[in-house]
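Student: I would like to go through the terms used for this structure and see what each one rests on. Please show me the model.

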Amino acid sequence: MTYIEQLGANAKAAEKSIATASTMLKNAALKEIANALIENTDLIIEQNRLDLQNAKENNISEVMQDRLMLNSDRIKNISDCVLKIIDLDDVIGNVEYGAVRPNGLKISKVRVPLGVIGIIFESRPNVTVDAATLCMKAGNAVILRGGKEAVNSNKCLTEIMRKAVAKAGLPEDIIQLVTDTSRESANEMMKMNKYLDVLIPRGGAGLISAVVANATVPVIETGVGNCHVYVDSSADIDMAVNIADNGKTQRPSVCNAIENLIVHKDIAESFLPAIKKKFDEHSVQILGCERTKAILGDCVIPATDEDYATEFLDYKISVKVVDSIEEAIDHISKYTTHHSECIVTSSLPNAEKFQNEIDAAAVYVNASTRFTDGSEFGFGAEIGISTQKLHARGPMGLKELTSVKYIISGNGQIR
């Protein structure tokens, strides 16, 4: 049995314990995790420093280093997110449908765990805790496989959580980490049909594409966010500036940050200088069309098709001036990753047209795409943003980490 197979066997052995655990026991384990994170803050920061030092030595960008970095405030926030999961209603065992058939059969549709969930992710070590605790509350065992850039942080966080759940009375193997960060371990995990019920990749386009292309385990596709803001001709300029600036600069390294700005020609000469002034505060690089360059000057780098299709995750943005909302929708439809798209407008017909015609997990009118987040939607922490349509779409909370089964009771009926 290989190392990866052993992790799978361990998870399968622990699966029944967490699937049948009471809400009280699961919440007690979550409470232990939240407390243990705070108690071990210094240790977590110490291990995280090793990852940050490696990141600097490997010339990883400052934006990506920020994704990686943990401090006492971020650890407190991670702990608080775990506490919020305690407050969420437990969906396991919920009866979603019930009927008595003419022959007397009683049929109930009941919410159940998925089983063993594998998660392959990059960079942000907070995902280690978010993923493990959400899976646990939904009654699942989880096998985590983070990137090499956060390996020390992830090992530390996982060991803290394993000790915490054991203290609460659950098997520690309901949470496991793949400590081998080689490509081979990821590839083997993608083929673990015997042990994994579903695999969830969370990271950049390269990771997600690799998992979708190579996995034989069922996959829920998440994460890639080539998000757009379209500033309509009737938009309030101050509102549009605030939404675009927040979407790009508040935290550019996350999937719900915007990468594309589309501007109607009738408002472009007023809006573009105003947003450039805000972008200059963060040294945002603008890649734009010829009309954008005509308005803003030589600071604009000519944008290519590849630029419009790129998730920069950095202080860069592509800009296009369009003649109509139809052209804006066509542009978004060509380049979207179906994550989050926004229109800023004062026109109700245009708002409705945008919402009806844009194919994305989250479609906004006059609000920042940065709200596409499980916590902001009231789901607690999230496992990721699903950009596909089967099973789950949008922020994946507890319910999206479950399935259903039918419970049928009879008194001797035969067919």
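What follows is a dialogue on strands, helix contacts and a salt bridge.

Tutor: This is a predicted model, in which local features need pLDDT of at least 70 and side-chain atom pairs count only at pLDDT 80 or more, while totals for chains, interfaces and linings use all residues. Residues are numbered from 1 along each chain as its sequence is written, and side-chain values use heavy atoms, with hydrogens and water left out.

Student: What makes β1 and β2 a pair?

Tutor: Two strands pair if DSSP finds at least two bridges between them; strands are DSSP runs of E with at least two residues, helices are runs of H or I with at least four, and both are numbered from the N terminus. Five bridges join β1 to β2 (residues 106-113), and the two run antiparallel. One partner couple is Gly98 and, in β2, Ser108.

Student: Why are β1 and β16 called edges?

Tutor: Three strands form an open antiparallel sheet in the order β1-β2-β16. β1 (95-100) and β16 (402-409) each have a single partner strand, so one side of each is left without a neighbour in the sheet. The twist averages 20° from one strand to the next.

Student: What makes the contact between Glu96 and Arg111 a salt bridge?

Tutor: The term needs a side-chain nitrogen of Lys or Arg within 4 Å of a carboxyl oxygen of Asp or Glu. In this pair the closest N and O atoms are 2.8 Å apart, so the pair meets the definition. Glu96 is in strand β1 and Arg111 in strand β2, 15 residues apart in the chain. The whole structure has 18 salt bridges.

Student: Which strands are at the edges of the parallel sheet, and how are they placed?

Tutor: That open sheet has four strands in the order β5-β4-β3-β6. Its edge strands are β5 (175-177) and β6 (198-202), and each pairs on one side only. Strand β3 (residues 116-121) is joined to β6 by five bridges in the parallel sense, with Ile117 facing its bridge partner Val198 in β6.

Student: Why are α2 and α7 called oblique?

Tutor: Axes are lines fitted to C-alpha atoms, for helices over the stretch in contact, and angles run from 0 to 180 degrees between N-to-C directions. Angles under 35 degrees count as roughly parallel, over 145 as roughly antiparallel, 65 to 115 as roughly perpendicular and the rest as oblique. Helix α2 (residues 23-39) and helix α7 (residues 151-168) pack at about 140°, with axes 8 Å apart. The two are therefore oblique to each other.

Student: Which residues make their contact, and how do they divide by class?

Tutor: Contact means heavy atoms within 4.5 Å. The residues include Leu25, Ala28 and Ile33 of α2 and Leu157, Ile160 and Met161 of α7. They divide into 12 nonpolar, no polar and two charged. Here Ala, Val, Leu, Ile, Met, Phe, Trp, Tyr, Cys and Pro count as nonpolar, Asp, Glu, Lys and Arg as charged, and the others, Gly among them, as polar.

Student: Why are α10 and α11 oblique?

Tutor: Helix α10 (residues 237-249) and helix α11 (residues 265-280) pack at about 40°, with axes 10 Å apart. α10 and α11 are therefore oblique to each other. Among the contact residues are Ile237 and Asp245 of α10 and Phe271 and Lys278 of α11. By class, this contact has nine nonpolar, two polar and three charged residues.
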